[in-house]
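Good morning, and thank you for making time on the agenda.

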Amino acid sequence: MRLKAELIGLQTIIYREYKRIIRIWMQTLLPPSITMSLYFIIFGNLIGKRIGQMDGFDYMQFIAPGLIMMSVITNSYGNVVSSFFGAKFGKHIEEMLVSPLPNSFIIIGHVAGGLMRGLLVGIAVTIIALFFTRLDVQHVWVTVSVVFLTSIVFSLAGFINAVFARDFDDIAIIPTFVLTPLTYLGGVFYSISLLPEFWQQVSKANPILYMVNAFRYGILGVSDIPIAWAYLIISGFIVLLFSVSLYLMKTGRGIRE
Amino acid sequence: MKALSISGLQKTYANGVQALKGIDLEVEEGDFFALLGPNGAGKTTIIGIVTSLVNKTAGKVSVFDYDIDEDLDGAKACIGVVPQEINFNQFEKVSNVVLNQAGYYGIPRALARERAEKYLRQLQLWDKREELSRTLSGGMKRRLMIARALVHEPRLLILDEPTAGVDIEIRRSMWDFIRRINEQGTTIILTTHYLEEAESLCRNVAIIDQGKIVVNDRMSRVLRKFQLETFIFNLAEEIDEAPVIDGFVVRQVDEHSLEIEIGPEQNLNQVFEKLSALGLTACSMRNKSNRLEELFMRLVESKGTHQGDGTGARAEP
């Protein structure tokens, strides 16, 4: 009986997040679509033609999976961090905290919001990509599962960022100084085989490299890293970040006095 | 059954401030209970701990026998809270604020819609249901928080300054509404700065000061025990200074009015007799402030430290 009530609570958060994403679509869905269109035009079309082929594919085709993944990562993260921090800032997080909703469901509800926005933006960017290049998906389940799991990882990361954040600067620091550099250096625009051996090894310490390459493997069938490693790393991050989120909610850090 | 049972409750904040220094408090089911105290006394900290927004340092808290250390969710399900500050999403529609809260408490959507309509109508917000909550007036926002707190029909309703900043007409209609909710069986704990509100609504009262309970008793008994009222007498005659009246504390307000304190063993007839004997005519009179307010000020000023057994704290005139 209690589980049934808790599931209604979870459903409420998910529906509320969905409505939020749709209500402010000018902030949530439109900007990434415009940004990615510019990436495709400038990097893919104009510069890409001079670069030629990479890993046996047109440059446009090569970067398309990376750009889709980049938008999924940033939007999953951004959705949860802004929604949860906004609730903290406006104090309406208290509506959930005083209710008998379990901490795990509060986390899952917000992660579902990140997942929704990540996937919606991912679909929009994929449609835009199809205007510029052709994408024949090689491994459907790899493609779907990697994008799904990666979105969960970054939704959880966004949740933790929001828990620690005390002001709006704190929710911009991680995306600007950590997420963006790691994404750009995570094989979105190049294959790490172009790098000297030392930098190839350094790049392998970047978890986003595994996510981008696994997704690229799903679409194009090529990857710089073993796919099993990618699944292992992504799953490991999900377990780790979910546990940290749960611990933070239980202790009330940044949420309860 | 006890709606709320608190024993040895302590809270020390990270900055070292000891907000609660061992609170013992019990509220019976069905009671209308006032929790009073000056700003910073610890009222909101107690409410925060009961509603799990504040972590306690020590002590036990039970809500309808649900110990918050053992079954916090069970305790939470029994409580509805109207906080001091506006804390709903100001970008949500009025109806969604209530419906979302119902959802967090596990109320199915159809039932939530029924109850949202019931409480929004009762609180005169039904016409505003499609508007963004930030467009509501201050009084409407307070009423929306009451509707939100009631949507899961809690057994214990905690109202932390529910009528702050609300005009007198709406305040009185809110009193009637809250009184009806209590009559229907909901236990209510009220904190307020409008002491006439507490005096008029509540059956029992605890006064907290500097993290300790200084009075905890029935409202009527507290008022009787500490009864000491100050009246303003408007005189027909002009006076240069306050006359001396045996047994009474008298102060001059202006050339036509006096302020006279009347203790528990004294009465107004004695004052009228003594004024007449002095050749003074009382044209009219009024209370300087309500009784609870007077008592409250005296308790806080005297910094009473006796634990609330109903006999400990004594207002010294």
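Predicted model: local features only at pLDDT ≥ 70, side-chain atom pairs only at ≥ 80, totals over all residues.

In helix α11 of chain A, the buried residues are A:A230, A:I234, A:F237, A:L241, A:S245 and A:M249.

Just after α11(A), A:G252 takes a positive phi of about 80°.

A:S245 is found in helix α11 of chain A. Is A:S245 buried or exposed? A:S245 has 24 other C-beta atoms within 10 Å, and is therefore buried, the threshold being 20 or more. Leaving aside residues up to four places away in sequence, A:S245 touches A:I107, A:L156, A:F159 and A:I160. A:S245 and A:N161 are 84 residues apart in sequence, yet their C-alpha atoms are 9.7 Å apart in space.

I turn now to the helices that pack on one another in chain A. Two packed helices are described by the angle between their axes and the distance between the axes. Helix α6 of chain A, residues 103–132, and helix α7 of chain A, residues 140–164, have axes that come within 8 Å and cross at roughly 130°. That angle makes α6(A) oblique to α7(A). The crossing of α6(A) past α7(A) is right-handed.

Which residues of α6(A) meet α7(A)? On the α6(A) side they are A:I107, A:H110, A:V111, A:G114, A:L115, A:G118, A:L119 and A:G122. They meet A:V147, A:S151, A:I152, A:F154, A:S155, A:L156, A:G158 and A:F159 in α7(A). By class, this contact of α6(A) with α7(A) has nine nonpolar residues, seven polar residues and no charged residues.

Helix α7(A) has a further partner to consider. Helix α4 of chain A, residues 59–89, packs with α7(A) at an angle of about 35°, with the two axes 7 Å apart. Here too the crossing, of α4(A) past α7(A), is right-handed. From α4(A), the contact is made by A:M69, A:V72, A:I73, A:S76, A:Y77, A:G78, A:N79, A:V80, A:V81, A:F84, A:F85 and A:K88. From α7(A), the residues involved include A:V147, A:T150, A:S151, A:F154, A:S155 and A:N161. The contact of α4(A) with α7(A) comprises 13 nonpolar, eight polar and one charged residues.

Next, the contact between the two chains. How many residues does each chain give? The contact takes 22 residues from chain A and 26 residues from chain B. On the chain A side, the elements giving two or more residues are α1, residues 2–23, and α5, residues 93–97. The largest share of that side, seven residues, comes from α1(A). By class, the chain A side divides into eight nonpolar, seven polar and seven charged residues.

One residue of α1 deserves a brief remark. A:K19 has its place in helix α1 of chain A. With 14 other C-beta atoms within 10 Å, A:K19 is partly exposed. A:K19 and A:G113 are 94 residues apart in sequence and 9.7 Å apart in space, C-alpha to C-alpha.

Finally, chain B. This chain has ten helices and 14 strands. Of its 317 residues, 44% count as buried. Among the contacts in chain B with a separation of 6 or more, residues 24 or more positions apart account for 66%.

The axes of helix α3, residues 94–104, and helix α4, residues 109–122, of chain B come within 9 Å and cross at roughly 130°. α3(B) and α4(B) are therefore oblique to each other, and α3(B) passes α4(B) in a right-handed crossing. In α3(B), B:S95, B:V98, B:L99, B:A102 and B:G103 meet B:A112, B:R113, B:R115, B:A116, B:Y119 and B:L120 of α4(B). The residues of this contact divide into seven nonpolar, two polar and two charged.

Thank you for your attention.

Terms used. Residues numbered from 1 in each chain as written. Chains lettered and ligands numbered in written order. Axes fitted to C-alpha atoms, helices over the stretch in contact; angles between N-to-C directions. Helix = DSSP H or I, 4+ residues; strand = E, 2+ residues; numbered from the N terminus. Parallel < 35°, antiparallel > 145°, perpendicular 65-115°, else oblique. Left-handed = near helix turned anticlockwise from the far one by under 90°. Contact = placed C-beta atoms within 7 Å. Nonpolar A, V, L, I, M, F, W, Y, C, P; charged D, E, K, R; others polar. Buried ≥ 20, exposed ≤ 12 C-beta atoms within 10 Å, placed from the backbone.
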